[in-house]
Amino acid sequence: MTFKKMLSTLMLIFGFTVYLLLNDPQQAYAMHIMEGFLPLKWVLIWWAVFLPFFVLGLRSLIRITKEAPELKMMLGLAGAFTFVLSALKIPSVTGSSSHPTGTGLGAVMFGPLPMSVLGSIVLLFQAVLLAHGGLTTLGANAFSMAVAGPIVGYWAYKVMMKSTGKQKLSIFTAAALADLSTYVITSIQLALAFPAEHGGVWASFLKFGGIFAITQIPLAISEGLLTVLIWNWLQAYSSNELSILQRTMKGVRES
Amino acid sequence: MKIRTHSFILIAIIVLLAVLPLIFVSGDFGGADDAAEGLIQTLAPSYVPWFSSLFELPSETESLLFALQAAIGAGFIGYAIGVFKGRASRDKDV
């Protein structure tokens, strides 16, 4: 990247911030769904939707560790990345804070299924120890963060790789979209459970989603960049593991 | 471009993305949990949460656990990259 390119990137960020700043700062609703704030019907529905993915995820984790034990370190890394990122509550342009999800990296490396297990472990930690999210809402939160996000990220990576062939751009897009889609799904879940009196589910979705899409956009960009950062390190020092990944997972292709 | 310069630029952009809102946006930057409760209460005033957290820690302890969560994760990432780096430089020597 030349100096000129760097300057234009900075200008872009600055312009973006100013643009969002001109919109009224609003409270964002961009955390996971709180304990008790999902009616029992929806709690059961989302648990039922989430559990099959969890079982498939467990099976794929067992398969990976059996067939390629040298990838255990990479699996740990993918889990640790999600663990760190979901602890970072970053201030955003809407005047409140939210955190990235970190699920895009693992989804690109291993496919979406293993992340359903790794991501839900992180959510369990936060629900039990931090009263952040909840046990009753864990099914819904795990579906949005550990299932839907990684699936979106994985396919974003595949499509971008095919159409552009640029690996870093693909990884950036995958991580950013995995992050953003997690919160879009959360707002769908809240909208389904709490339809507005006028306008129903759609009006509620616009309320929940419109607000926190704005909060999450800069954080999704941050997450995309962080994921590219760690990918650069991995590529520099562990090309061996990455080539094993490429052979066993079919997901990752070296640039 | 060298990986170090590249990393530096990425980190700078990430920091800016977090710091610029703090400087230019006037908000209290609180967590959004309570605010979400507010919106739900306007949408469904009669809704009563039917389950509450097993225990809620004092905010000081909570920040300890958040720091711990980040530290454990970052520690492992550092360890893994260290192992990879060590292996890479050992392979180069042989």
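Here are legends for a few close-up views of this predicted model.

Local features need pLDDT of at least 70 and side-chain atom pairs count only at pLDDT 80 or more, while totals for chains, interfaces and linings use all residues; side-chain values use heavy atoms, leaving out hydrogens and water. Residues are numbered from 1 along each chain as its sequence is written, with chains lettered from A and ligands numbered from 1 in the order in which they are written.

**View 1. Meet the salt bridge between Arg63(A) and Glu67(A).** The closest N and O atoms sit 3.3 Å apart; a salt bridge means a side-chain nitrogen of Lys or Arg within 4 Å of a carboxyl oxygen of Asp or Glu. The structure holds 1 salt bridge over all chains. Both partners belong to helix 2 (residues 40-67) of chain A, and because they are 4 residues apart, about one helical turn separates them. (Helices are DSSP runs of H or I, at least four residues, and strands are runs of E, at least two, numbered from the N terminus.) Arg63(A) is partly exposed at 37% relative accessibility, whereas Glu67(A) is exposed at 54%. Exposed means over 50% relative accessible area, buried under 20%, and partly exposed in between (1.4 Å probe, protein chains only).

View 2. Ser187(A) counts as buried, with 0% relative accessibility. Leaving aside neighbours within four places in sequence, Ser187(A) is in contact (heavy atoms within 4.5 Å) with Phe205(A), Phe208(A), Gly209(A) and Phe212(A).

**View 3. Now for residues 64-84 of chain B, listed by UniProt (unreviewed entry) under "transmembrane region".** UniProt positions use the numbering here, feature names are shortened, and annotations may be inferred rather than shown by experiment. This span is 100% helix and 0% strand, with end C-alpha atoms 30 Å apart.
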